[in-house]
Amino acid sequence: MSSWEHQVPGLSKDRDVLIYECLGQGPVPADRATHDFSNVTLPYQAEALASVVEAAYDSGLFHVRHIDVAGFSLGGRIALATASVHPHLFRRLHITGVGAARDDYAKVMLASWKDILSQEIRQQGGENGETALRAFGWSTILATYSHDFVAAMGAKRIRTWVDGIANQNTLDGIAALLEQTHGEMEIDEWSPLSMARRISQSQGNIMEIDRLKGKLVVGGNDRMATPAEVERLGKELSWEVLILAASAGHAVPMECAREWRTDLLDFLSGD
């Protein structure tokens with residue numbers, strides 16, 4: 001959630017903003033000794049997000065369409081999942097860093113993260129668990145930001161980001177997300193392509209003015225959701241695809257914060 005806090009002032013000038021932290025991310029709430037991560041799958045996350053949106057905005061029935069969503073990476077896939085089962089809930093979707101499938105590099109990175117947070121490490125807990133979360137933090141940062149951006153930030157600053165990942169998440173929560181939401185995209189009914197097809201089919205009987213509008217954004221140097229795979233997803237959805245910065249990596253909203261925010265606001269202000 002802290003990744004989005006710097007975006008709130010610019011996004012909330014003319015609209016209410018709700019930052020949603022998906023199940024599995026974040027610390028265990030202070031009023032609970034433990035947290036249940038037995039189900040953090042995309043369909044479960046979709047229903048959770050729909051319930052939160054309904055409660056927060058008092059939208060009542062799902063056909064009330066005044067809610068726009070910006071989602072990044074896993075958050076983008078959760079937004080797509082929600083739209084695929086509640087097609088009338090959202091007005092516009094602005095999705096960053098989500099492609100139709102993963103290439104071989106991204107598959108290797110995901111395998112490494114699952115290994116870092118393995119069941120054996122989780123059972124050991126304690127210092128081993130903290131070390132594993134820190135290793136995961138370093139690895140995800142190096143995989144999701146461009147080389148030039150990482151070099152410009154330097155090790156001292158990035159170490160503080162790793163501290164945040166380790167201190168603001170749980171080993172079991174992140175491991176559950178990796179196991180339950182990062183399967184074989186090509187064959188999963190909750191893959192981006194499968195969700196895109198359901199969204200497209202759901203819009204067929206809706207008047208043009210009322211149809212869900214969307215946009216996909218990707219960094220030109222994204223290795224976790226390549227521009228080619230984002231283009232393929234965009235074609236399935238008939239949505240515009242923007243390569244926001246040729247040199248940017250996966251974490252476009254953080255690496256190119258101002259440019260990303262400007263594009264989001266421009267898109268949301270459209271008719």
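The following is a working conversation about a predicted model of one protein chain.

Colleague: What should I know about the numbering and the model before we start?
Modeller: This is a predicted model, in which local features need pLDDT of at least 70 and side-chain atom pairs count only at pLDDT 80 or more, while totals for chains, interfaces and linings use all residues. Residues are numbered from 1 along each chain as its sequence is written, and side-chain values use heavy atoms, with hydrogens and water left out.

Colleague: What does the secondary structure of the chain come to?
Modeller: The chain has twelve helices and four strands. Helices (H or I, at least four residues) and strands (E, at least two) are DSSP runs, numbered from the N terminus.

Colleague: And how much of the chain is made up of buried residues?
Modeller: Of the 271 residues in the chain, 47% are buried. Buried means under 20% relative accessible area, exposed means over 50%, and partly exposed lies in between, with a 1.4 Å probe and protein chains only.

Colleague: Among contacts between residues at least 6 apart in sequence, what share join residues at least 24 apart?
Modeller: That share is 75%. Contact means heavy atoms within 4.5 Å.

Colleague: Let us turn to helix packing. How do the axes of α9 and α10 cross?
Modeller: Helix α9 covers residues 192-202 and helix α10 covers residues 227-237; their axes come within 8 Å and cross at roughly 20°. Axes are lines fitted to C-alpha atoms, for helices over the stretch in contact, and angles run from 0 to 180 degrees between N-to-C directions. The two helices α9 and α10 are therefore roughly parallel to each other. Angles under 35 degrees count as roughly parallel, over 145 as roughly antiparallel, 65 to 115 as roughly perpendicular and the rest as oblique.

Colleague: Which residues make that contact?
Modeller: From α9 they are P192, L193, A196, R197, I199 and S200, and from α10 they are R232, L233, E236 and L237. By class, the contact of α9 with α10 has six nonpolar, one polar and three charged residues. Here Ala, Val, Leu, Ile, Met, Phe, Trp, Tyr, Cys and Pro count as nonpolar, Asp, Glu, Lys and Arg as charged, and the others, Gly among them, as polar.

Colleague: What does L233 touch?
Modeller: Leaving aside residues up to four places away in sequence, L233 touches L80, V98, G99, A100, P192, L193, A196 and L216. For L233 and A196, the C-alpha to C-alpha distance is 7.3 Å, although they are 37 residues apart in sequence.

Colleague: How do α3 and α9 cross?
Modeller: The axes of α3 and α9 come within 8 Å and cross at roughly 35°. On the α3 side the contact is made by R77, L80, A81, A83 and S84, and on the α9 side by P192, M195, R198 and I199. These residues divide into six nonpolar, one polar and two charged.

Colleague: Changing topic, how many aromatic pairs does the structure hold?
Modeller: It holds four aromatic pairs. Rings of Phe, Tyr and Trp (its six-membered ring) pair if their centres lie within 6.5 Å; planes under 30 degrees apart count as stacked, over 60 as edge-to-face and the rest as tilted. One of the pairs is Y145 with F149, which is stacked, at 5.2 Å centre to centre and 10° between the planes.

Colleague: And why is the pair of Y145 and W161 tilted?
Modeller: The ring centres of Y145 and W161 are 5.5 Å apart and their planes are at 35°, so the pair is tilted. Y145 lies in the loop between α6 (126-144) and α7 (147-167) and W161 in helix α7, so the pair ties together parts that are 16 residues apart in sequence. Ring pairs link Y145, F149 and W161 into a cluster.

Colleague: How accessible are Y145 and W161?
Modeller: Y145 counts as buried, at 11% relative accessibility, whereas W161 counts as partly exposed, at 25%.

Colleague: Finally, what is the phi of S73?
Modeller: The phi of S73 is near 55°, a positive value in a residue other than glycine. S73 is in the loop between β1 (67-72) and α3 (74-85), and is partly exposed with a relative accessible area of 23%.

Colleague: What about S238?
Modeller: S238 is not a glycine either, yet has a positive phi of about 60°. S238 lies in the loop between α10 and β4 (240-243), and is exposed with a relative accessible area of 66%.
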